[in-house]
Amino acid sequence: MTPFLEMRNISKTFPGVRALKGVDLTLYRGQVHAVAGENGAGKSTLMKIMTGVQRCDPGGTITVEGEEVVISDPVHARSLGISIIYQELAVVDNLSIAENIFLAREPVNAAGLIDRRKMNAAAAAVLAELDMKLNPAMLVGDLSIGQKQMVEIARAISYQSKLIIMDEPTASLSHHEATVLLRMVRRLAAQDIGIVYISHRLEEIFEIADTVTVMRDGETVDSRPVGEMTRDLLVRKMVDRELSQFFGEHVSHATDEVLLSVRNLGMYRPTHHSAHVRDVSFDLHRGEILGFFGLIGAGRTEVMEMIFGSRAYVGDILIDGKPVRMSDPSVAISEGLGFVTEDRKGQGLVLDMSVRENFSLTHLSDYCRLDFVDRGRETKRCREFIQALGIKTPSPEQKVVNLSGGNQQKVIIAKWVARKPRILIVDEPTRGIDVGAKAEVHALLNKLAAEGMSIIVVSSDLPEILAISDRVIVLKEGRITGGFTHQEASQENVMFAATG
Amino acid sequence: KDKADITVAVVPKVAVPFFDDCNTGAKEAADKLGVQYQWVVPQNTQGSTQVKIIEDLIARHVDGIAISVNEPKSVEGIIKQAVDAGIAVLTFDSDSANSGRSMYIGTINEAAGETMGKAMAEAIGGEGKVAIVTGQLGASNLNERIAGVKKALEAYPKITIAATEGTEDDLARGVSVTEALLRANPDLKGIFGMSQVGGPAVAKVLAEKEFSDRKGVLKVFAFDDLPDTVKGVKDGFIDGIMVQRPVTMGRLAVEHLVAQITGEEKSPADVDTGVTVVTADNLGSYTK
Amino acid sequence: MLATDQHETASGSLHSRLIAEAGKLFQVREFNVLIALVVVGVLISLYTPYFFTTNNLMGVFRAFSLTAIMSIGMVMVIITGGIDLSVGSAMGLASLVTALCFSAGYPTEVCVAAGLGVGLVFGLCNGLLITFIGLPPFIATLGTLSIGRGLMYMITRGVPVTPETPEGFAVLGQGYLGPVPVPVIIMVLLMLVFAVIMRRTRFGRHVYATGGNEHAARLSGVKVDRIKLSVYVLSSTIAALAGVIGFSRYLSAEPASGFGSELDVIAAAAIGGASLAGGAGSVTGAVIGAALVGVIANGVVLLNINTYAQQAITGGVILIAVSLDVLRSRLMGGKN
Amino acid sequence: MLATDQHETASGSLHSRLIAEAGKLFQVREFNVLIALVVVGVLISLYTPYFFTTNNLMGVFRAFSLTAIMSIGMVMVIITGGIDLSVGSAMGLASLVTALCFSAGYPTEVCVAAGLGVGLVFGLCNGLLITFIGLPPFIATLGTLSIGRGLMYMITRGVPVTPETPEGFAVLGQGYLGPVPVPVIIMVLLMLVFAVIMRRTRFGRHVYATGGNEHAARLSGVKVDRIKLSVYVLSSTIAALAGVIGFSRYLSAEPASGFGSELDVIAAAAIGGASLAGGAGSVTGAVIGAALVGVIANGVVLLNINTYAQQAITGGVILIAVSLDVLRSRLMGGKN
Ligand SMILES: Nc1ncnc2c1ncn2[C@@H]1O[C@H](COP(=O)(O)OP(=O)(O)OP(=O)(O)O)[C@@H](O)[C@H]1O
Ligand SMILES: Nc1ncnc2c1ncn2[C@@H]1O[C@H](COP(=O)(O)OP(=O)(O)OP(=O)(O)O)[C@@H](O)[C@H]1O
Ligand SMILES: [Mg+2]
Ligand SMILES: [Mg+2]
């Protein structure tokens with residue numbers, strides 16, 4: 001069998017960073033080729049080179065179907081039969097779902113006008129394949145992150161491609177959507193389409209991949225059929241050191257003291273296309289880790305936004321038994337809340353600012369005397385966190401936009417943990433984070449809880465929720481449909497509450 | 001000082017046809033006298049812009065400056081400074097009386113306004129509603145003319161000024177303002193065009209079908225002889241224009257400056273260049 | 001924005017249904033500005049009988065038609081996230097060049113083509129400076145604005161150009177079709193054409209995509225640079241068309257014509273719902289925005305309001321109109 | 001921007017090291033505009049001996065100082081992603097109110113305070129319209145611009161106000177400290193103070209964060225509305241200060257003073273590297289931008305260039321200067 005695409009000796013140097021060092025990769029049609037590696041290993045960069053978003057350093061070659069090519073841009077890549085789902089969402093908020101899926105190849109009628117009906121029907125068909133029930137005429141700006149991700153996926157598979165690259169497609173999907181996607185991937189492979197599959201959810205790799213390539217520090221360290229790979233071996237190849245344990249024995253630090261009570265929380269003026277959050281009530285205890293589970297669009301993020309004051313609500317929120325009107329995030333923050341948002345680019349980071357400036361934004365006054373920032377102390381503290389969370393960056397002065405996705409996520413976690421809030425809400429905290437770092441984040445959350453911090457974890461990763469939560473609350477279509485203690489919670493009953 | 005080494009600068013208020021005529025007169029005079037000549041047009045009508053220009057001219061060591069002042073008070077200080085630096089300074093067209101300039105050459109705007117007001121009063125038979133269409137609301141020469149008009153109309157208690165409208169010296173705005181004026185005042189007897197835009201604007205409006213019945217009924221007096229204004233007189237839309245003598249002003253300005261620099265003129269005195277009321281009768285025969 | 005008042009308010013259901021229905025014709029913002037326009041019109045006609053006459057209305061329409069025409073091009077630029085400060089210069093220079101061609105005795109078609117050609121050149125300069133060199137649109141078009149003005153002064157030395165023109169040419173600016181002035185007809189036609197283009201064609205959607213998320217649009221294969229170049233060329237050429245119509249209307253090319261009009265034109269687009277951040281706005285909205293300003297300007301003269309106060313009133317009415325619009329759409333839900 | 005040229009180019013190492021060194025003092029963009037400024041200065045002085053004299057240079061500095069002062073406030077607004085069109089009105093009205101107070105015989109301190117108070121009111125209006133009502137900055141400040149102009153006409157009825165002022169007051173605008181005019185000293189002081197504020201304080205950091213990603217800043221606890229309100233108040237108050245200085249310089253409050261200056265002020269900020277999209281820009285850059293425009297205006301008169309061409313030349317030089325800057329930073333790598 002001749003390979004569809006071969007990359008030889010691919011290197012890429014950014015100012016201060018050598019992201020890739022002579023990488024080789026061979027891809028075949030009809031095969032699922034997984035690429036694994038720690039955050040910042042160079043996976044996304046390799047894919048960007050394959051689709052012409054970035055150009056590799058001189059010396060590297062790319063061969064497609066036996067012919068050497070210089071891929072100039074994504075459109076060129078697509079004409080060669082290569083399409084990609086970017087790790088960082090690349091959707092246009094002010095266009096509809098259908099317009100996004102068919103952007104730059106809209107069907108037109110004889111008069112040269114866009115044939116909306118045809119386009120919407122075609123979009124609906126693609127969405128149906130992915131088991132998404134969304135109106136194709138909806139604006140993408142009104143979708144949740146997970147739904148936007150599905151739109152990206154729909155777009156990529158709607159091209160008549162020979163090779164589809166999926167860079168962490170399931171990072172913001174919950175179990176159900178992920179399952180649908182994996183089924184889709186297998187079906188595509190059966191249609192003689194090649195797939196590159198990047199994911200930090202290792203079980204997915206074992207479920208669907210034919211071959212797995214492991215990258216570390218910009219190099220390929222291993223590549224073999226998945227049958228010859230074990231999970232332990234994969235992890236060892238990725239991180240090059242022994243990981244103690246993924247999920248340690250669960251120890252609860254919850255006390256009886258109620259820190260946060262939410263009563264009959266609901267949306268203020270629900271719009272027709274949003275999950276109608278209503279009657280959400282729960283308590284959060286000091287030192288407790290409270291998990292929130294649900295399918296995408298269940299309304300978990302919205303509940304958290306209401307609690308954090310960034311979304312209008314009806315109902316009551318009590319802190320230490322005192323009612324507080326969360327009219328603005330600054331109110332919530334002064335009440336001791338922190339919020340690691342799920343939308344990195346839109347809500348989490350000021351992309352054009354440095355790691356240091358993003359890091360300190362939540363607690364800048366810690367470094368201030370008379371409003372003057374002591375940059376020395378700021379940098380020192382930032383370095384500590386870079387060290388502690390293993391953030392891969394040449395220096396604290398690097399702009400966050402230049403970090404890899406997982407490392408950006410770590411910056412967001414760092415900026416909130418450094419503030420030491422009493423209540424920390426983390427929405428999809430380990431999205432896009434590699435296995436090693438994931439274990440470290442879990443350990444960090446446990447440690448914070450042990451120190452008396454209360455934590456709400458929203459995650460679509462069911463094993464994660466089950467492993468670290470003292471209690472699990474399940475949301476479905478805006479309502480609480482289940483509550484379980486750590487002991488009660490199991491894959492089956494939690495999933496049943498979320499879907500049933 | 002040798003004449004070829006003398007540099008005189010002339011600064012108008014802004015780029016409009018009136019000053020182009022001044023430039024013509026001034027340049028001719030400079031060429032004839034054999035002195036170097038600089039024409040510096042401000043980019044806007046604010047007093048501060050002219051102050052900057054005079055500063056630049058002082059730095060350039062010119063020998064004489066003639067200026068048409070946009071705002072009298074704001075240039076006082078800098079003109080004194082120029083005079084102290086040994087530069088001959090005079091004003092033309094628009095004065096700054098307390099600045100220490102040697103002389104003023106030009107129209108007395110208030111007097112011109114009075115002439116205009118009297119002409120209008122006679123044309124409409126001493127009674128009725130009239131309106132004023134002016135240019136920039138802040139322009140001092142226009143305000144002096146308006147004051148003159150009002151002074152003249154004091155003698156005619158049956159004449160009322162129905163409205164005063166600004167046009168920012170923009171023809172399009174002038175036209176739409178005039179249209180609205182005529183619609184809102186069906187009984188309007190006369191319009192004063194105080195700035196160069198007034199004449200063409202009114203003429204164009206009266207040429208429209210909607211207002212064809214107002215032609216001849218509505219008496220129009222305007223300022224300055226722009227081609228369109230002259231055409232308006234020819235076509236019978238405009239009854240009279242106040243024509244100043246910009247070419248003369250420019251010529252006199254340079255001549256007096258050079259005379260002062262060479263020391264020929266010892267005690268300069270103001271010169272009133274006057275206005276001519278141009279009507280269909282004397283249309284081909286006036287001088288500027 | 002964060003809600004100031006977070007309690008449910010039962011807004012009249014009839015009202016909201018009406019709005020929803022109208023929304024199919026107009027986007028909400030346009031609709032609200034249209035309401036503001038109607039309210040201002042009714043208020044004026046309560047106090048003067050002269051406002052609501054065919055003659056006056058047509059006069060008003062003609063008076064704001066040039067601004068409205070220019071705002072059609074401008075709004076497309078703004079939707080891509082850009083700005084075109086040079087429209088006034090393009091308009092003025094186009095009218096001047098047309099006039100000069102007439103002076104030189106060329107036939108009407110040549111003169112009009114030369115005028116429009118000026119717009120094309122402006123647009124290409126702006127577009128290339130922005131896409132090829134990578135200048136920020138504000139700087140690029142500020143530069144061409146200054147150069148255009150400078151050229152006009154250099155050519156005219158402040159003296160208007162008023163050539164003789166053949167009979168037929170004046171129809172463009174002064175003619176009527178029934179009671180409707182020709183410039184108004186041109187404005188309406190352009191509005192309809194570009195409204196359809198922006199909503200229904202690939203080009204239009206790509207303009208929105210470029211302003212919404214340039215990076216994503218580019219990755220999807222939208223030829224972003226070509227789109228940008230096109231909108232600047234369109235904007236300048238439409239402005240030049242306005243210049244030619246203006247010249248035909250007044251048969252005089254003023255050396256200062258169009259100066260400062262960029263602010264009016266941008267304001268029309270912004271009042272009609274265009275966001276300077278890009279991605280939002282509409283052609284019909286821009287025209288309605290120009291209409292609102294035009295009606296106010298007419299009203300203050302008809303009502304014989306002190307000229308000195310006119311600008312203050314215009315400013316105040318715009319603020320109130322847009323504030324009501326913003327407040328209403330905030331009350332009607334929306335996000336934080 | 002996706003890179004057009006993505007191959008690394010070995011730019012002269014000495015040059016890049018020099019730039020890197022200077023970068024500690026200035027950001028690159030500022031540095032490049034500074035170079036442009038120096039080049040233009042040298043070119044002018046090659047052709048005229050009068051440019052490089054203390055008197056002339058100080059005159060030039062004083063001439064652009066008011067624009068530069070206003071651009072310091074403006075650039076902060078622009079960094080938050082906003083725009084302030086009302087600076088010219090704030091400046092003009094402040095100078096008028098100061099003059100009126102002198103006419104009424106109040107002591108100097110009261111008159112100056114009243115002038116600055118005008119700025120405060122302007123800023124509060126702008127800020128509240130933008131944060132509380134949620135108007136787009138362009139519309140809000142366009143409204144206050146018109147209202148301000150209207151008020152000036154209403155108050156002055158077109159006649160400049162020229163009161164007698166006590167001896168000491170004129171120092172503000174006309175005085176010297178050694179060879180340096182007082183307005184220039186004020187400009188430099190303000191520049192230094194605000195440069196430090198923007199780079200070193202929490203407030204400055206929050207201003208940049210607000211413009212960089214308002215949503216993320218708000219969610220990180222930045223009181224975005226308060227920041228916005230502050231920059232609009234600062235911008236208007238600084239503009240009012242410019243108005244007071246201007247009045248002290250000319251001792252005449254003109255009805256049209258400050259009109260149209262918003263474009264000059266925004267241009268200065270933009271030439272100095274501010275991005276109208278927000279998040280980028282600097283106080284020193286804005287002042288250098290104002291200087292560039294001021295030096296060109298001076299050069300045109302000194303070199304006896306056809307003044308009708310002045311605007312065209314200014315436009316051309318700005319385009320060239322910023323283009324070179326953009327091209328250079330693109331060549332030097334930067335981002336893709
Ligand atoms: N534009 C850029 N400028 C500078 N450095 C960059 C840029 N893009 C990527 N990098 C660096 O290159 C390295 C590889 O990044 P890449 O995004 O390929 O990692 P990744 O393997 O996809 O990681 P993740 O799992 O977190 O997504 C990182 O260290 C990153 O900081
Ligand atoms: N800004 C918004 N405006 C309108 N609707 C929204 C908005 N954001 C989210 N929604 C809708 O609200 C619903 C709930 O979204 P939310 O993000 O809270 O879900 P979630 O449970 O967190 O799921 P996800 O995993 O996708 O984040 C979705 O159906 C989405 O369409
Ligand atoms: Mg990645
Ligand atoms: Mg969510």
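Biologist: What are A:Thr301 and A:Glu342, buried or exposed?

Modeller: Both A:Thr301 and A:Glu342 are buried. Buried means under 20% relative accessible area, exposed means over 50%, and partly exposed lies in between, with a 1.4 Å probe and protein chains only. This is a predicted model, where local features need pLDDT of at least 70 and side-chain atom pairs count only at pLDDT 80 or more, while totals for chains, interfaces and linings use all residues. Residues are numbered from 1 along each chain as its sequence is written, chains are lettered from A and ligands numbered from 1 in the order in which they are written, and side-chain values use heavy atoms, with hydrogens and water left out.

Biologist: What coordinates the magnesium ion (ligand 4)?

Modeller: A:Thr301 through OG1 and A:Glu342 through OE coordinate the ion, at 1.9 to 2.7 Å. Donors are N, O and S atoms within 2.8 Å of the metal (3.2 Å for Na, K and Ca), and sites may look incomplete because water is not among the atoms. A:Thr301 is in helix H9 (residues 300-307) of chain A, and A:Glu342 is in the loop between strand E16 (337-340) and helix H11 (344-348), 41 residues apart. Helices (H or I, at least four residues) and strands (E, at least two) are DSSP runs, numbered from the N terminus.

Biologist: How many aromatic pairs does the structure hold?

Modeller: Over all chains there are 20.

Biologist: Why is the pair of D:Phe61 and D:Phe64 called tilted?

Modeller: Their ring centres are 5.3 Å apart and their planes stand at 45°, so the pair is tilted. Rings of Phe, Tyr and Trp (its six-membered ring) pair if their centres lie within 6.5 Å; planes under 30 degrees apart count as stacked, over 60 as edge-to-face and the rest as tilted.

Biologist: Why does D:Phe61 count as partly exposed, and what makes D:Phe64 buried?

Modeller: D:Phe61 has 33% relative accessibility, so it counts as partly exposed. D:Phe64 has a relative accessible area of 5%, so D:Phe64 is buried.

Biologist: What makes the pair of D:Tyr153 and D:Phe259 edge-to-face?

Modeller: The angle between the planes is 90°, with 5.7 Å centre to centre. D:Tyr153 lies in helix H6 (residues 137-156) of chain D and D:Phe259 in the loop between helix H11 (224-250) and helix H12 (261-271), so this pair links distant parts of the chain, 106 residues apart.

Biologist: Why is D:Tyr153 called buried, and why D:Phe259?

Modeller: D:Tyr153 is buried because its relative accessible area is 4%. D:Phe259 counts as buried because its relative accessibility is 18%.
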